Amino acid sequence: MWRAGRVLSWRLPGEGAARLCFGFPPKPSSSSSQSNSSPRPKAEKRRRRREREEAILSSQHSTSEDKALKWSEKQKIVYTTPTPAGTKKDTSSLFPSSYSPEYVESSWYQWWEKEGFFRPEQHERLSHSVDQTFSLCIPPPNVTGTLHLGHALTVAVEDVLVRRRRMQGYRVLWLPGCDHAGIATQTVVERRLLKEGGKHRQDFTRQEFLREVWKWKNERGEEIYQQLRALGASLDWSRACFTMDPGFSRAVTEAFVRLCDSGLIYRSEALVNWSCALESAISDIEVDSKELSGQTMLSVPGYENKVEFGTMLTFAYPIEGHDGEVAVSTTRPETMLGDVAVAVHPDDPRYQAVHGKQCRHPFTDRLLPIIADSMVDMELGTGAVKVTPAHDHTDFLLSQRHSLPRLTVIGGDGTMTPSCGQWLQGVKRFDARQLVVDALVEKKLFRGKKDHAMTLPVCSRSGDIIEPLLKKQWFLRCDEMAKKAIQAVEDGQLEIIPHYYTKTWKNWLSNISDWCISRQLWWGHQIPAYRVELPNSADKQEEHWVWGQSEDEARQRAAVRYGVKPEDITLTQDPDVLDTWFSSGLFPFAMLGWPEQTTDLQRFYPNSILETGSDLIFFWVARMVMLGTELTGQLPFKQVLLHSLVRDKHGRKMSKSLGNVIDPLDVIHGVSLERLQEKVKEGNLDPREQLVAMEAQRKDFPTGIPQCGTDALRFALCSHKMQGEDISLSISQVLSCRHFCNKMWQALRFTLGVLGANTTPVATLEETCAVSSMERWICSRLYSTVVQCEQAFEAYELHTVTSALYSFWVHSLCDVYMECVKPVLVQRQDGGAVVQTETEPSVQARQVASSVLYHCVSMSLALLSPFMPFITEELWQRLQPRGPGADAPRSALCLQPYPCSSQLAHWHFPEEERDFLLVQEVIRVARSLRSQCRMTKEKPAMWAVCSPGQAQILLHFDSAVRTISRISSLHIHCPQRADLFSVHSTPPPEGSLIGVVDHTCQLHLHIQSGMNIENQMVQLSQRRDKLVPKLEKILCRVQSPDYLTKVPAHVRQQMDTKMSALQQELQSVEEQLKVLQETQTSP
């Protein structure tokens, strides 16, 4: 893979004798094999990975999450009303008693899609439309693939942004697309043909094989789109784009021709990542790094027995005309047949006498010059390094500096070439390894073998070991395009979020290498370049190439260039295809019809934003920026939003190679442990990795994964901070979001119940003015929540939005306001008959309360709609008939105006919000006192000893305090100014239990005569014994020397909050024990 900020000293890939130290930063090659970096980080990475695996396999492994994920199967309620696909769901049926994802998510998406709600054309029909455009493209998933939680995060984030802009009245286009995934697709189809008919690709003509690929694509290609629909993605499916579609293919050809004409694409011989199993060069993104700590036996495609890796062999080269030798070490002895020199450091005293001398190759009899180069690290190994330019990237650089020949000794099929001699010709490379060692031993040149930690480059598609090979390929010059990409960010034309990626962007692009864009495949965009064979040409080795939109155009170009008649020219199209990333790099504008100046291209290009995973910043984002700027003269988007990687709860990156990938559909619909284990077995995992993966599943999901639903999954994904730290998603978090869905469901059942029972109409939002203290508070809380959401959306901090909306719905609307409003809205039943106490004030109070409740619920649903589209649509459609303008035709919630703070300005009462913070603390302490006294049904009286200012607040919210605290009365006593509140100035009884609110406010609960003081003291003592070690543990961690430097700020904040709460609770327990002791000893 490409890497940013590579170290200035690094080891030769596969070579261990010496480290080469550059005097300049090495340019990362887009087709290089994985290099060994410094040993310490690699060793640390291996250690951490081993620790994680051991923790999973350990029988003692247990986390709080294991307990949290205990769940019972919920009753599944199914939507059974006959609803033809694409017609609106019937919400007039009976409201189910509990939330069921299966019921809620039925039918809505088909209706949205058929009605064209996701198309930009519906913008003209919106009454609140604005003349602004918002466009982006989805990172095209592979046509072969299935979604994992990383894809689900991308979809959730992008859909939230898209749905909100659509509700704000923007003209929105979110384009779906699918990548043809050259290597992956060809591999899948080849395996299928081999399994079903026993045939290899080579048994077909190219056209026959491509027909098989298209057949497979047409059968399976829609699966990924159905998964996106299941996630609720509001994509414009009428514009869906596949990178092998005729229109897109024309764009790819146009791009190649233009870049060739401008001199940016050229043909050259260079080293590439080569998969012998695929017989193709592959991109860096398709190379996995396998860390080896030492000798390791691995399975390699095409070999019956396992092959040894992770060892370093040392052998000697005799010095010609001298009785001495030069010892070199290597992890790949089979490549020594391609050695053309031995390199040493010019200042190494051990080799001063042999500079300029030659070594005799023991098998080919070639003379190898001993060259001096400062790139060699004399401290590593023997200080001498073998130079194999045709099979090692760094050796290739040495060959350029010293004009050395490049001898290929391993062919594209992974066998040794004729230049190795008859004894090795046609032998597979790893079989040849042992033959070479045996021959060195026989010639008494073998000097030993030892374990060697190394990084092995592995083809992610085939599992084959990558072989660097020298091939003639097409390359794209990147230097100038990279400079423009850097300048765009520095000038502020392109914003990268989070901003700290800006430095990485500049460092990497400043050291970019030319990009090898050739791939030796059949599936993909065949390179529109043609080798020219001229009449009477004497030199058959010299290559002449032309390119064009078609063979006819290429022929005309060749005729002009070489001054011959078109009919005298023979053209042969390059059989290679273009790297899949090349076509993906054109996606933002090719999907809109480029190079034609289509209406879509003019209206939606450049895109407003690109959102994707941070791991694609170079492989995809940088290439889009470079190609878009070069081919269209414009940046392809104005902002780049990068989210972090999704990891499992053990901190491991979710990867097919680890077997820990979670299919989002398994979270949505639920899945058994047995099926999860089957999926792991279906993968091609190493036995140990399979063992670790299956054990992790058994411990994480002992009864499988529960059905959580799409809304819960989306909300959980967006609840994580995406910018910065990696996301460790656990299913228990998704399950808690499902519980939130049920909370919403029950809240609407209550709302519909009280609105349906009241005959008073609901006023419009503009007409609804809060009167009571609680109405003013909940209205202002909604206003503040909307403001908080607006600010967080601008900063793309979706976790802040979800937190604000959850807090408002659960803690403000449900836990407080609905409880307070019940006495006003719920008419008391007396023997089955409604007790009528309809006075003028009560009617007015009910009307205001009904209107406030309706608008709080309705606006909350609209605020949540981008995150949870299914449940909010279901609930909103059921709520609307109860609201103002109920007779008006109803559209969809996803097209309603998104709430904004300006429309709620008349609901802003900051003093109520500020004062209610005290009320909430009083309620918390009151409930704690009741709980300690085991008062479940009783409503005792309480006393508040407080300051005059606090007394004013408690009187203002007296009803709320009594209702939510479940107390009969609250007596207020102000020791400083008892005359202020003569009615409530009674001091608390002696010997009361005390609960501390703050330093000026205490609550007192009189201990009832029938209360068992001994039991109460035992309970409090037990509670204290539990609190003390918890507090000591936190204090120990907080007071550690490296706490401030190593612990992230948000974690420190959580720890401080937890510590403060424990300290307050411990203080309260101590005070109550003191009171009980005094009561016990008093006569």
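This is a predicted model: local features need pLDDT of at least 70, side-chain atom pairs count only at pLDDT 80 or more; totals for chains, interfaces and linings use all residues.
Trainee: What makes up the protein chain in terms of helices and strands?

Mentor: The protein chain holds 33 helices and 38 strands. Of its 1083 residues, 55% count as buried. The chain exposes about 46700 Å², and carbon and sulfur atoms supply 50% of that area.

Trainee: What share of the contacts joins residues at least 24 apart?

Mentor: Among contacts between residues at least 6 apart in sequence, the share is 77%.

Trainee: Why is α13 called roughly perpendicular to α18?

Mentor: Two packed helices are described by the angle between their axes and the distance between the axes. Here the axes of helix α13 (residues 501-510) and helix α18 (residues 617-632) come within 12 Å and cross at roughly 75 degrees. Angles of 65 to 115 degrees count as roughly perpendicular, and α13 is therefore roughly perpendicular to α18.

Trainee: Which residues meet where α13 contacts α18, and how do they divide into nonpolar, polar and charged?

Mentor: From α13, the residues are Y501, T504, W505, W508 and L509; from α18, they are I617, F618, V621, A622, V625 and M626. The contact comprises 10 nonpolar residues, 1 polar residue and no charged residue.

Trainee: Why is helix α27 described as largely enclosed by the rest of the structure?

Mentor: A residue is buried when its relative accessible area is under 20%. In helix α27 (residues 869-879), 11 of the 11 residues are buried, so the helix is largely enclosed by the rest of the structure. Among the buried residues of α27 are F870, I871, L875 and W876, and also E873, E874 and R878.

Trainee: Why does strand β29 receive the description largely enclosed?

Mentor: In strand β29 (residues 607-613), 7 of the 7 residues are buried, so β29 is likewise largely enclosed by the rest of the structure.

Trainee: How do you know that β29 and β30 are paired, and in which direction do they run?

Mentor: Pairing requires at least two bridges between the strands. There are 6 bridges joining β29 to strand β30 (residues 637-643), and the two strands run parallel.

Trainee: What makes β8 and β23 edge strands?

Mentor: They belong to an open sheet of 4 strands, ordered β8-β7-β21-β23 with antiparallel pairing. Both β8 (280-281) and β23 (515-516) pair on one side only, and that makes them the edge strands. Strand β7 (residues 265-275) is joined to β8 by 2 bridges, and S275 has S280 in β8 as its bridge partner.

Trainee: Where does D365 lie, and what is its phi?

Mentor: D365 is placed in the loop between β15 (358-360) and β16 (367-372). D365 is not a glycine, yet its phi is positive, at about 70 degrees.

Key: Residues are numbered from 1 along each chain as its sequence is written. Side-chain values use heavy atoms; hydrogens and water are left out. Axes are lines fitted to C-alpha atoms, for helices over the stretch in contact, and angles run from 0 to 180 degrees between N-to-C directions. Angles under 35 degrees count as roughly parallel, over 145 as roughly antiparallel, 65 to 115 as roughly perpendicular and the rest as oblique. Contact means heavy atoms within 4.5 Å. Ala, Val, Leu, Ile, Met, Phe, Trp, Tyr, Cys and Pro count as nonpolar, Asp, Glu, Lys and Arg as charged, and the others, Gly among them, as polar. Buried means under 20% relative accessible area, exposed over 50%, partly exposed in between (1.4 Å probe, protein chains only). Accessible areas come from the Shrake-Rupley method with a 1.4 Å probe; for residues, only the protein chains shown count as cover.
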